[in-house]
Amino acid sequence: MGLHRLIPWPLRNARRAHHIGPLGLFCLALAAGALIFAPGAPLYAQVCPKYGGTLRSVDMNMPHMDPTGTFNPPSYLTSIYDSLIKVNQDLTYEPGLAASMPEKVGDASYVFTLRENVKFHDGTDFNADAVKFALERIVKGDFPTSLTGLWRQWLKDVKVLGPYKVRIDLKRPWPDFTWYVASTLFIPSPTAVKKWGKEFGIRSAAGTGPFVMKSFSPKDRIELDRNPNYFIKGVPCLDKIIGKQISSGTVRLTSLIKGDLTHVMTFPESQLPLIEGKPHIIIGEGEASTLTILVLNTRVAPFNDARVRRALQYAVDGKELIDKVYRGRGKEIEGLYPPWHPAFRKSQHLALIRPDPAKARELLKEAGYGPAHPLHFALVAGDAPAHVERTVLLQAQLKAVGVQMEARNIPYGQMQSDMIEGKSAASLFQFLGGPILSAYSWDLFSGESGKNYTGYNKPGGAQNPAVGNALNQAVGMLDQNKAADLVASVQDKIFEDAPVIYLNWRNHREAWRDTLKNHTVSKLKNRQDWSRVWMEQ
Amino acid sequence: MVWTYVAKRLLLALPTLLGVSVVVFSLTFLSPGDVVLTIMGLNSQDASSVDIKEVQRIRHELALDQPAYVQFGRWLAKAVQGDLGRSYQSPYPVSELIRNALTVTLSLMFGTMGLAMVFGIPLGIISAVKRNTWSDYLARVLAITGVSLPVFWEALILILVFAILIPIFPISGSIQDRGMIAVVLPVLAIATHPAALIARMTRSSMLEVLGQDYIRTARSKGLPMPRVVYVHALRNAINPVVTVIGFQFGGLIGAAVVVENIFALPGLGKLLLDSIYAKDIIVIQGVVLVISVVFIGANLIVDLLYTVLDPRIRL
């Protein structure tokens, strides 16, 4: 739409006639009045039908707002900071602070041409130096963050080629480069970082994002105001976002019903009855975002025996867990990846991961377990209601084949700590893998991965060199289709070796009031984009 | 004389605080969990998996791989200089985190104790003066009910009644957002228990005093009943009640942990619970130290109040 169309027609005619006239004067006064008195009326290209309003959401559990940290949910951070590439809610990419998608030079270098005339919230200019500063800050590691290790592993150099041109050189080809740039490389104002030093991110935060941080109280409350100078004209539509930390699930949903909150991020299925059918409440669901598995420590008995592991896989019924604990809101496992993932290839031997109590009993007998000498092990799981429910159901399923499982439900962070240190024999683990190829394959099963908690293909653990080699080869392949095929060629071997017991995919959901418009659930859990939503006042 | 006593008590508080610090540090250190997971944003079930090599690197950078006594010594050396350090999770100074949270918690505590005294003491007096009448029975039933109600249940019922069915109070929200109205329901939820205890203690203490000879003498002299009760009886019956109030004041922190989490109030209880979940030992130490100081301070004030309320007591 041309800007001239924003001028009322009598004025356009008057302009052509080189005089305004009484009707023109009246329209001019009307237009000026509208601009002055209409609250929130846009002076720029209109992207949203309505402007203004305050969005009130939850899960403000961040201890700081420094973009070198890692955040869950990332929505508040991405409201303040932009990256060179933007990852949309549907997991597609588009240029962010870069003017276009990067130009690939060779296999391991990327040249970014940056947007010009972009300002940080503190009024300083965004340019190539700021990109270099942000990357070097992460790699330097002054701020304790897992991003340091990640970028140190891949980044060779970052070169400023011009005021708005920067080249990122990698040590070797990195298939997940785009994802990690989009999801971890957020650019803060170098001036603000230097000014605030250690206290950047708590006293002040300056990015280029659609919202400016007005106030922040760690793990409690954040207030974000619209950035009137945002480089995408016409957004954001909201005036303000207020994020709160409300731990009680009941209080969160009750506040939503009452209207004290506009939006509630993820909540468990057990709380659905509280809001289902309530007026003015919308519930949105994202499919199969979270993988639930039993992580077995293959270095220790009894899970150093493949027959025992396989028996457990045949003994559990992931579908029953979906029906009874997730109230039908999940997916059965059909491959290493969720069905929406580009690397998803359906297993040719699904029977390997489907319940078969008779086979389970047979394998246990072979391994020397039976009624006289039953298999007994301890499972560590989180203490949230859904974890406890799942644990109880698993206990019953295993009991049906003569396995005695002792359950220990402890805070999730403590459970994770024990699991990654290899202190527990079996853990109920639920995690978000994201759209990258390595998350569901190499990370979990390669002997070189630091995220492989089973010991599979690691010294002392169960071995399958064919799987290890295929995964190590796939993780470095730039052609993601070929890589996915290679992973698929070993997925049934993984199911057979059973270093983890596959249970199911769990859906995620959000709820919001119908006054919040243009909001959809992100494909990945908690990746809301607040820049283009608006409030129907 | 009083100042010597205060100085002596304050000196005695030092080993108490040190002991509390050692116990809390040891228990936290021995408990499972890892603050590094929180730093990496992995404290929830919505997280992705974590690289063990990264965990070890960050642990080393923060000197969390040092022996417990080294970590404690380092904390203590700073703490005696008034520096409680910075949270492991963010560069926020612990003293500032505590200061912000203490404002909320003290508003809750003073509000609660005020309300508990306003309701508890008169209820106890009525119950004692009108012994074995319907008003005594009613007051006793109320007191028993108040002691028996769990705080978390009360909080949820108050939300249901006064925030949803009769929407006059907010469900949650900070003082910053909503003003002092934000603490009305939390105060009501916490105050029931101490009010009931105060009522019971006032009743039993008053009953004992009302049976004394000097009360009978006062009544036989023809003094009006209110004067006998409020001037002669209450003055002598109040000391045990003050003791209960002192203990309750320190104990309110426990109730605050529950209530602050339900009403999403950013107080000391919520800060402590968050830090325990994150295993942020620096913040835990700081908060527990402050809670101990509040407890010790409340007891000292109670002891000093005895001398004001009963001149026969000498310190």
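1. On the side of chain A that touches chain B, α14(A) gives the largest share, 7 residues.

2. This is a predicted model, in which local features need pLDDT of at least 70 and side-chain atom pairs pLDDT 80 or more, while totals for chains, interfaces and linings use all residues. Residues are numbered from 1 along each chain as written, chains are lettered from A, and side-chain values use heavy atoms, without hydrogens and water.

3. The contact (heavy atoms within 4.5 Å) takes 58 residues from chain A and 57 residues from chain B.

4. The rule also finds 3 salt bridges across this interface, where a side-chain nitrogen of Lys or Arg lies within 4 Å of a carboxyl oxygen of Asp or Glu. E199(A) and R86(B) form a salt bridge, at 3.1 Å from N to O.

5. In chain A, an open sheet of 4 strands runs in the order β1-β10-β9-β8, with mixed pairing. Strands are DSSP runs of E, at least two residues, and helices runs of H or I, at least four; two strands pair if DSSP finds at least two bridges between them. β1(A) and β10(A) (residues 240-244) pair in the parallel sense over 4 bridges. R56(A) has I242(A) as its bridge partner in β10(A).
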